[in-house]
Amino acid sequence: MNWNNWIRQFHRWLSIVFTVTVIANFVAMGLEEPPGWIVYSPLPPLFLLLFTGLYMFVLPYITQWCGERRIGGEA
């Protein structure tokens, strides 16, 4: 598995982890005053989702830019 596929798969599994932590957060808030670790538990997966999502968003533009640059340099 190459690097891009690994990032994509990691992003998919991370989205499941994030969804579960958000659901657990809502359940805990419905029962009583939740402890801080439950309230802030969605934040680490969210930041990782941000970075992997930005990587996947920018990747086509970078590959296109590098391809044009390579073609332009050869001519």
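At 35% relative accessibility, R8 counts as partly exposed in this predicted model. R8 is found in helix α1. Along the chain, 48 residues separate R8 from M56, and the C-alpha atoms of these two residues are 7.5 Å apart. The C-alpha atom of R12 is separated by 9.8 Å from that of T52, a residue 40 positions away along the chain.

The overall fold can be described from its secondary structure. The chain contains three helices and zero strands, and the order of elements along the sequence is α-α-α. Contacts between residues 24 or more positions apart make up 71% of the contacts in the chain with a separation of 6 or more. Of the 75 residues of the chain, 19% are classed as buried. The accessible surface amounts to about 6100 Å², and carbon and sulfur atoms contribute 71% of that surface.

The confidence of the prediction was considered for the chain and for its elements. The mean pLDDT of the chain is 88, and a value of 70 or more is reached by 88% of its residues. Among the elements of the chain, α1 has the highest mean pLDDT, at 93. The lowest mean, 84, belongs to helix α3, which covers residues 43-74.

Helix α1 runs over residues 3-31 and has 29 residues. The distance from its first C-alpha to its last is 42 Å, close to the 42 Å expected at 1.5 Å a residue. The buried residues of this helix are I7, H11, L14, T21, N25 and A28. For T21, which has its place in helix α1, the relative accessible area is 15%. T21 is buried because this value is under the 20% limit. When neighbours within four places in sequence are left aside, T21 is in contact with S41 and P42.

Two spans of the chain carry an annotation in a sequence record. An unreviewed UniProt entry places the feature "transmembrane region" at residues 12-31 and 43-62. In the model, residues 12-31 are 100% helix and 0% strand, and the C-alpha atoms at the ends of this span are 29 Å apart. Residues 43-62 are likewise 100% helix and 0% strand. The end C-alpha atoms of residues 43-62 lie 28 Å apart.

Aromatic side chains were examined next. The structure holds three aromatic pairs. In one of them, the ring centres of W3 and W6 are 5.6 Å apart and the ring planes meet at 15°, so this pair is stacked. The limit for stacking is an angle under 30 degrees between the planes. W3 and W6 are three residues apart in helix α1 and are thus separated by about one helical turn. An α-helix has 3.6 residues a turn, so residues three or four places apart point the same way. W3 counts as exposed because its relative accessibility is 55%, a value over the 50% limit. W6, at 44% relative accessibility, counts as partly exposed.

The rings of W6 and F10 form a further stacked pair, because their centres are 5.4 Å apart and their planes are at 5°. Both residues lie in helix α1, where W6 and F10 are four residues apart, about one turn of the helix. F10 has a relative accessibility of 30% and so counts as partly exposed. Together, W3, W6 and F10 form one aromatic cluster.

Terms used
Residues numbered from 1 in each chain as written. Predicted model: local features only at pLDDT ≥ 70, side-chain atom pairs only at ≥ 80, totals over all residues. Heavy atoms only, no water. Helix = DSSP H or I, 4+ residues; strand = E, 2+ residues; numbered from the N terminus. Expected span 1.5 Å × (residues − 1). Buried < 20%, exposed > 50% of the residue type's maximum accessible area, 1.4 Å probe, protein only. UniProt positions renumbered as here; feature names shortened; annotations may be inferred. Contact = heavy atoms within 4.5 Å. Areas by Shrake-Rupley, 256 points an atom, 1.4 Å probe, with all protein chains shown as cover. pLDDT = per-residue confidence, 0-100. Phe/Tyr/Trp six-rings, centres within 6.5 Å; stacked < 30°, edge-to-face > 60°.
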